Amino acid sequence: MKIVPNQIQDTNSKDLQSHQEHFDFLSNSLSKKGVNVNSIIKKLQDFQVAIPSWALGAGGTRFGRFSFFGEPSNLEQKIEDVGILHALTKTAGAVSLHIPWDIPQDYSAIKELASALDIKFDAVNSNTFQDQKNAKESYKYGSLSSTSEAVRQQAIQHNLDVINIGNKLGSKALTVWLADGSCFPGQNNFQTAFQNTQDSLKAIYQGVSDDWKLLIEYKPYEPNFYSTVIQDWGASLMLANECGEKAFTLVDLGHHLPNSNIEQIVSILQLKGKLGGFHFNDSKYGDDDLTVGSIKPYALFLIFNELVYGMENNPQNPDLAWMIDASHNVKDPLEDLIQSLEAIQEAYAKALLVNQDLLKTAQLNNDVVKCQEILQDAYRTDVRPLLSKARLERGGALSPIQAYRSLDVRNSLIKERGKNSVATGL
Ligand code: LRH
Ligand code: MN
């Protein structure tokens, strides 16, 4: 299924006038405050987020999985679904593949389809947290950290194979997330596990070419529930420093213990030039992989405020990899991803409204109240007309969810794919 521009223009037509009124009102009031509205719109249009190939079907938990029907059952259909998201939002111009869930069968065909839909291949993800059929070694007791040399070698080779797949697709980064850890005290020697992981990552790093990045994702727990080898930003940073200048930390928003100050972590990793990218989602308790901005939108805004400051003041930090990592248990996956893309754009737009110079002066004067006033003035601004304008100028939908529904996309996908197609992934 492909959405063509005039279908989107038709869905926009009835809302064009009210959009223009809202936009004119907002841009006039922002211009009076000295805000360069056009530069914000350009930054929103250039902010492309990679869609996780493993989150285009129904997610599920150990307690159950409820399908949405019309799910993509192969990589071609997954790329088509990312194409639908990009046609409507104009901010989903990339896909992040997970291997072996999404090994391309025909590289030139898949690259042709992706470029026809203006989709790039972002970071590729390795998987040493599941055993593959006919695999010689098991990852039950770990992969890169395993006490078994043979298991570590198998895991290292898998990561090098994933880099090869990424190279053929034009990807420029490998994301490594390890489930490695322990469920009970005494089960692991923490130092041996960490040292094995460090040595294994350094072996993988040998396969990372100069224009590539190695992104090391941390997580405090699950599926191991007593210790995780790469448990937090500190462990990821130490391993990235040990590997070298092409290795960076990857911040998955759901991979923090309750009440962690993620915006401070993001700020310091940028200062150290070691922040490589994000897996955006939201959570109430654990790694819930919920819709971005659905639980803690102010926390997301504060993270983007640090990102905007860092992108202006930390040239030592590379361009960041922006990716979503979510799982859909009760929402249509495409509607859920559209809402996440909107929340990311909204948080970024609000953060771009923060007058960083005014904030810096208030901070230097320890004017605590004024600091909060400056932040919350931006946060309390309804920036949605800017997001709509950014999309409209690029041929996107004024309201992607409304367009998705009025174009009856899910039912068209069900007609095309039937009710029993199941997507690989989580
Ligand atoms: C681990 C994680 C990681 C992926 C997986 C699908 O929780 O966030 O990024 O490999 O989800
Ligand atoms: Mn993740």
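The count of cavities of 30 Å³ or more comes to 2, where a cavity is a set of points, on a 1 Å grid over the protein atoms alone, at which a 1.4 Å probe fits but cannot get out, and lining residues have an atom within 4 Å of a point. The structure is a predicted model, in which local features need pLDDT of at least 70 and side-chain atom pairs count only at pLDDT 80 or more, while totals for chains, interfaces and linings use all residues. Residues are numbered from 1 along each chain as its sequence is written, chains are lettered from A and ligands numbered from 1 in the order in which they are written, and side-chain values use heavy atoms, with hydrogens and water left out.

The largest cavity holds about 40 Å³ of space, a volume being the space filled by probe spheres set on grid points that are joined across faces, edges and corners. Its lining includes Thr 11, Asn 12, Leu 398 and Gln 402, and both α1 (5-13) and α15 (400-406) supply at least two of the lining residues; helices (H or I, at least four residues) and strands (E, at least two) are DSSP runs numbered from the N terminus. The most comes from α15, with 3 residues. By class, this lining has 2 nonpolar, 5 polar and 2 charged residues, where Ala, Val, Leu, Ile, Met, Phe, Trp, Tyr, Cys and Pro count as nonpolar, Asp, Glu, Lys and Arg as charged, and the others, Gly among them, as polar.

The second largest cavity has about 30 Å³ of space, and among the residues that line it are Leu 44, Gln 45, Gln 345 and Arg 391. Here α3 and α14 (384-393) each give at least two residues to the lining, which by class has 2 nonpolar, 4 polar and 3 charged residues.

The helix α3 (37-46) also supplies at least two residues to the lining of the second largest pocket, as do other elements including β7 (213-217), α10 (297-313) and α11 (333-352). The largest share of the lining, 4 residues, comes from α10, and by class the lining has 17 nonpolar, 10 polar and 12 charged residues.

The loop between β7 and β8 (227-228) contains Phe 225, which is exposed at a relative accessible area of 56% (exposed means over 50%, buried under 20%, and partly exposed in between, with a 1.4 Å probe and protein chains only). Pro 223 lies in the loop between β7 and β8 as well, and a cis peptide bond with an omega of about 10 degrees joins Glu 222 to Pro 223. Another cis peptide bond, with an omega of about 15 degrees, joins Ile 99 and Pro 100, and Pro 100 is placed in the loop between β2 (94-96) and α5 (107-116).

Most residues other than glycine have a negative phi, and most peptide bonds are trans. Asn 134, although not a glycine, has a positive phi of about 60 degrees, and it lies in the loop between β4 (124-125) and α6 (149-169). Asn 259 likewise has a positive phi, of about 70 degrees, and sits in the loop between β9 (247-252) and α9 (262-271).

Note on methods. On a 1 Å grid over the protein atoms alone, a cavity is a set of points where a 1.4 Å probe fits but cannot get out, and a pocket is an open set with protein on both sides within 12 Å along at least five of seven lines; lining residues have an atom within 4 Å of a point.
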